[in-house]
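Subject: Structure handover

Hi,

Here is the structure for you to look through. My notes on it follow below.

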Amino acid sequence: HSNYHHNLKSMMLRYLARNISRFPSSAPCAQRAMSSSATNSSTVVDIHTHFLPHSWPNFHKKFGDEPGPWPWMRHDDSGAMLMSGDEEFRPVNHRCWDIDQRVTDMNTDNIDVQIISNTPILFQYHRPLAETIEVAQHFNDHALEMVESSNGRLVTLGQVPLQNTEAACEEASRAMRSGHVGIQIGNHVGPMDLDAEGLIAFLQHCAEDDIPVLIHPWDMFGRDRMMKYMMAWTVGMPAETHLSIVALILSGAFDRLPKKLKICFAHGGGAFAFLLPRLENAYLHRDIARGNAEMPPSFYTDRFSVDSAVFGVGALNLLVETMGEDRVMLGSDYPFPLGEQRVGKLIRDTHKCGKIDESVRDKLLGGNAINFFDLKNSSAKF
């Protein structure tokens, strides 16, 4: 019992000492001072955009529908529809595959470089390994073809067969050798969250091989209760991402993983920034809420980055205050309707209303992304 209180007191002293350096005592909620490692740049990079090919091989014909239907594209007079077997998944348009149109839109919004990644329905982690490997390699190679046709305006993140650690590591390294600038993964594989040993091992590999990772929510829980009003996207996705970040923190995974690991969570990290004080309070006052984390949750906000897809000046300001100016990067979710319709407008508006200065604006718009994805050593032209 005395050892418990001694350890708790020691932990609290470490907590207070570190937070004093992060938050000035005269303004405990002020934006923390961050390092100036991010490149100050007027280059604008959108790190979170999606692609779909116009069509792809008939995987249903090749592999059959077990354990579930395959995604495919239906084209007719009404437009394009992404299908899952016989069910309509979502309407899409030519911006998913039309490079000229993407570049036109980029020019309209003053975007220099897009980082494209697949649409998560293409992950297919639930299938036999050989099938998921073939799917990953097909879409990875197709993405590189898009990049090669873009005259330096697009770069790409690959996908991996995440259900198998060894195969995921192999494909991640192959993708990087082929010209991808990172990897996009889903935030879970079936019931396994990011604190599962196999997924931690994959992140360890990415750290050792300097492979940046974008983590995107998908296959949202509670679907039966969120069938209406697109709540799976507006409620489920932010909750999924929050769960993933908390799992990495409280499991102790961040304590085990190298600090050089580059991971970024889509959609501004979901609900994390807003709910961090609640998580912190639980950690400090309930021992069962601490998990295996060596330190309180706020200590780990320098271990990951987030994109800016939060859609409000107040939300973006909170995000920068919570994560720091080096940990937020422009991400739009282009070309989907739930994405930012004028890409970069939120960051620019947040600067115009005086919430962030010009140097922070430039970091968020591109400087942080250039460093995170090492774009100066990529095919991107800026």
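Buried means under 20% relative accessible area, exposed means over 50%, and partly exposed falls in between (1.4 Å probe, protein chains only). At 0% relative accessibility, F304 counts as buried. More on that residue below.

First, the ground rules. This is a predicted model, in which local features need pLDDT of at least 70 and side-chain atom pairs count only at pLDDT 80 or more, while totals for chains, interfaces and linings use all residues. Residues are numbered from 1 along each chain as its sequence is written, and side-chain values use heavy atoms, with hydrogens and water left out.

**Overview**

The chain has 12 helices and 11 strands. These are DSSP runs, numbered from the N terminus: helices are H or I with at least four residues, strands are E with at least two. Of the 382 residues, 54% count as buried. Take contacts between residues at least 6 apart in sequence: 73% of them join residues at least 24 apart. Contact here means heavy atoms within 4.5 Å.

**Cores**

In soluble globular proteins, nonpolar side chains tend to be buried together. A nonpolar core is a set of buried Ala, Val, Leu, Ile, Met, Phe, Trp, Tyr and Cys residues joined through side-chain atoms within 4.5 Å. The largest one has 70 residues. Within that core, L162, I185, F202, I263, F265 and F304 touch the most other members. Leave aside neighbours within four places in sequence, and F304 is in contact with I245, F254, I263, F265, F272, M323 and R327. A second, separate core has 17 residues, including V181, C264, M329 and I370.

**Helix packing**

Two packed helices are described by the angle between their axes and the distance between the axes. Helix α9 (residues 272-285) packs against helix α10 (residues 313-323) at about 50 degrees, with the axes 9 Å apart. That makes α9 oblique to α10. The axes are lines fitted to C-alpha atoms, for helices over the stretch in contact, and angles run from 0 to 180 degrees between N-to-C directions. Under 35 degrees counts as roughly parallel, over 145 as roughly antiparallel, 65 to 115 as roughly perpendicular, and the rest as oblique.

From α9, the contact uses F272, A273, F274 and L276; from α10, L318, L319, T322 and M323. By class, that is seven nonpolar residues, one polar and no charged. Ala, Val, Leu, Ile, Met, Phe, Trp, Tyr, Cys and Pro count as nonpolar; Asp, Glu, Lys and Arg as charged; the others, Gly among them, as polar.

**Aromatic pairs**

The whole structure holds 14 aromatic pairs. Rings of Phe, Tyr and Trp (its six-membered ring) pair if their centres lie within 6.5 Å; planes under 30 degrees apart count as stacked, over 60 as edge-to-face, and the rest as tilted.

Y125 and W218 have ring centres 5.2 Å apart and planes at 85 degrees, so this pair is edge-to-face. The two are 93 residues apart: Y125 sits in the loop between β5 (113-118) and α4 (129-148), W218 in the loop between β8 (213-216) and α7 (231-250). Y125 is buried at 4% relative accessible area. W218 is buried at 12%.

F254 and F304 are stacked, because their ring centres are 5.9 Å apart and their planes at 15 degrees. F254 belongs to helix α8 (residues 253-256), and F304 to the loop between α9 and β10 (305-307), 50 residues apart. F254 is buried, at 1%.

W56, F59, F63, W70 and F139 form one aromatic cluster.

**Backbone points to check**

Most residues other than glycine have a negative phi, and most peptide bonds are trans. Which residues does a cis peptide bond join? E66 and P67 are one case, with omega about 10 degrees. Y334 and P335 are another, with omega about 5 degrees. P67 lies in the loop between α2 (59-63) and β2 (71-76), and P335 in the loop between β11 (328-329) and α11 (345-352).

D210 has a positive phi, near 55 degrees. D210 is partly exposed at 43% relative accessibility. M230 also has a positive phi, near 60 degrees, and is partly exposed at 42%.

Best wishes
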